[in-house]
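Trainee: I would like to understand how the words used for a structure follow from its numbers. Could we go through them one at a time?

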Amino acid sequence: MTTTTPAPTEPRRSAIPRPESMTLAATEYERIGSAVAALDPADWNRPTDCPKWTVHQMISHVAGMAAMTASITEMIRQQRAADRGSGGEERRIDVLTAYQVDRYGVHPPDELRALIARLGPRAAAARRRVPAFLRKLTMPGSERVNGVDERWTVGFLTEVILTRDPWMHRIDLSRATGRPLELTAGHDGRIVDDAVREWAQRHGKPYRLTLHGPAGGTWTSGDAPAIELDAIEFCRILSGRASGSGLLSTEVPF
């Protein structure tokens, strides 16, 4: 059973200081670009932890999301496509990512490598240029998390989600190909720390958490049974890629 909390009365905002969030964004685009550049031809057809996506399709989504972020014109095109295709039981985000896979999946691996390398810095720059008044605005529509529809600010998307997304796909890529996953405390550890704090806020209960690995650490609030596991596996569970029970059934969007 998923642990849920009532829908927040205020839209969700970024908890990371903006200068730091922009550094994390630029670094993550560099790292996913390096991971894609290192792939062998055979890697592109391997299955991933994302249902129905091969490595090629997943990288097509990453390229499409970076393109949407880097260009207002492309953002409008993709948002309109998502609006046209959403409805019924299909979530808007699923329509959007499917469109990205279809649109950018026509590119062969060499072209996708070049796209990621070119679009990453442009997407990071575009996110840095989002003005303060716009970051405070509430995005249209809602996102369902832990069975509850919640609203997000533009800043939560541009400062948090758009970094978590390629970060988690870099993990997917490592697992799909068996290639080493670059992890550092200063970058990955900060992304994990933010996810932990959001997870704690979402379940709202006492916890004692120890996460292992370069991105790990220890977090405590009140008296509770100890939870101990690998930092990357913790985030995979929160993202829905692996199952968790108790407090670990609380979702965090990636």
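Trainee: At what angle do the axes of helix α2 and helix α4 cross?

Mentor: Bearing in mind that this is a predicted model, the axes of α2 (residues 55–70) and α4 (residues 92–104) cross at roughly 105° and come within 8 Å.

Trainee: Why are α2 and α4 called roughly perpendicular to each other?

Mentor: Angles of 65 to 115 degrees count as roughly perpendicular, and the crossing is at roughly 105°, so α2 and α4 are given that description.

Trainee: Which residues meet there, and how do they divide into nonpolar, polar and charged?

Mentor: From α2, the residues include Q57, H61 and M65, and they meet residues of α4, among them L96, Q100 and Y104; the contact as a whole divides into six nonpolar, six polar and no charged residues.

Trainee: What makes a set of residues a nonpolar core, and how many residues has the largest one here?

Mentor: Its members must be buried residues of nonpolar kinds, joined through side-chain atoms within 4.5 Å, and the largest such core has 28 residues, with W167, W199 and F234 among those with the most contacts inside it. Helices α7, α8 and α9 and strands β3 and β5 each supply at least two residues of this core. Leaving aside its neighbours within four places in sequence, F234 is in contact with residues including V196, L209 and L248.

Terms used
Residues are numbered from 1 along each chain as its sequence is written. This is a predicted model: local features need pLDDT of at least 70, side-chain atom pairs count only at pLDDT 80 or more; totals for chains, interfaces and linings use all residues. Side-chain values use heavy atoms; hydrogens and water are left out. Buried means under 20% relative accessible area, exposed over 50%, partly exposed in between (1.4 Å probe, protein chains only). Helices (H or I, at least four residues) and strands (E, at least two) are DSSP runs, numbered from the N terminus. Contact means heavy atoms within 4.5 Å. Axes are lines fitted to C-alpha atoms, for helices over the stretch in contact, and angles run from 0 to 180 degrees between N-to-C directions. Angles under 35 degrees count as roughly parallel, over 145 as roughly antiparallel, 65 to 115 as roughly perpendicular and the rest as oblique. Ala, Val, Leu, Ile, Met, Phe, Trp, Tyr, Cys and Pro count as nonpolar, Asp, Glu, Lys and Arg as charged, and the others, Gly among them, as polar.
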